[in-house]
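I opened this structure to look up its charged pairs and its nonpolar surface.

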Amino acid sequence: MQAIQPCIRRIPSIMARPIQVFTCSLDMNKVMKPIMTVFPRLTIHTTNSSNKNSPFPEPQNWPEYNKKIFPPQTSEEEPRPAYVCHVKTNVKYSPKKMWYIACLVRGMSVDEAIKQLSFVPRKGAVIAKETILEAQHLAVKEHNVEFKSNLWVAESFVGKGYVVRGYRRHARKRMGIIDYKYIHYFVRLEEGPPPKQYYWRLDESGPGMLQRWVDMMRSRSIVSSL
């Protein structure tokens, strides 16, 4: 292996040299001159620049939230809960199907979300469950979360990834277009107990509806009056 490495290092420099094309002549005493110079394209990637032009790009902004540093808090301020952001990239699945799974676990505790996803017979449930478990392990290992069960799903959504266009053969020499879709599943876990009401909604209980009616009656005014 040590003998091969110097050869590999020399390959890009050798291939980057221009190639000169000469004309054929029967006169041996005549000096041959090149008619054109060809610069070959380097096809061996020796750096990570090929990852930037990959057909399957990965989101870079979401994991950067884990590196954010907040200023220290005073004793009078409410303690800021710890959080961790995680993403599973380039999964071959439909974003429309994954949307239902992502909405299911929002506002749940980690244990409850894993329990519910275990009984959903869908591929998206397996994807979401693996992502939440990875984020839970990341929170305990790198973000100093004391209890791994003291986490809840603060954000859960899906993003559209790369779409591969394919063709399917039909009868009478016809072709049908088929799309192979990839997704990115994003999740953010936050330390603490989950909220009692994640989605905002009106209070449909008796006292709540009565209070809204009283407020509406008291806010009435006479038009064109003093």
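**Salt bridges and a surface patch**

I looked up Glu 112 and found it partly exposed, with a relative accessible area of 30%. I note that the model is predicted.

I then checked the partner of Glu 112: it forms a salt bridge with Lys 115, with the closest N and O atoms 3.9 Å apart. The two residues are three apart in helix H4 (residues 110-117), so about one helical turn separates them. Lys 115 is partly exposed as well, at 49% relative accessibility.

I searched the whole structure for such pairs and got seven salt bridges.

Next I took Glu 155, which forms a salt bridge with Arg 188, the closest N and O atoms being 2.9 Å apart. This pair links distant parts of the chain, since Glu 155 sits in strand S4 (residues 151-169) and Arg 188 in strand S5, 33 residues apart. Buried or exposed, what is Arg 188? I find Arg 188 buried, with a relative accessible area of 17%, while Glu 155 is partly exposed at 28%.

I also looked up Arg 165 and Asp 179, whose side chains meet in a salt bridge at 2.5 Å, N to O. Arg 165 belongs to strand S4 and Asp 179 to strand S5, 14 residues apart, and this pair too links distant parts of the chain. Asp 179 is partly exposed, with a relative accessible area of 34%. I recorded one network, in which salt bridges that share partners join Lys 88, Glu 130 and Glu 134.

Last, I looked for nonpolar surface. Tyr 167, Met 175 and Ile 177 make a patch of about 380 Å². Ile 177 lies in strand S5 (residues 175-191) and is exposed, with a relative accessible area of 57%.

Methods. Residues are numbered from 1 along each chain as its sequence is written. This is a predicted model: local features need pLDDT of at least 70, side-chain atom pairs count only at pLDDT 80 or more; totals for chains, interfaces and linings use all residues. Side-chain values use heavy atoms; hydrogens and water are left out. Patches are made of residues with over 30% relative accessible area and no salt bridge: like charges are joined within 9 Å, nonpolar side chains (Val, Leu, Ile, Met, Phe, Trp, Tyr) within 5 Å. Accessible areas come from the Shrake-Rupley method with a 1.4 Å probe; for residues, only the protein chains shown count as cover. A salt bridge is a side-chain nitrogen of Lys or Arg within 4 Å of a carboxyl oxygen of Asp or Glu. Helices (H or I, at least four residues) and strands (E, at least two) are DSSP runs, numbered from the N terminus. Buried means under 20% relative accessible area, exposed over 50%, partly exposed in between (1.4 Å probe, protein chains only).
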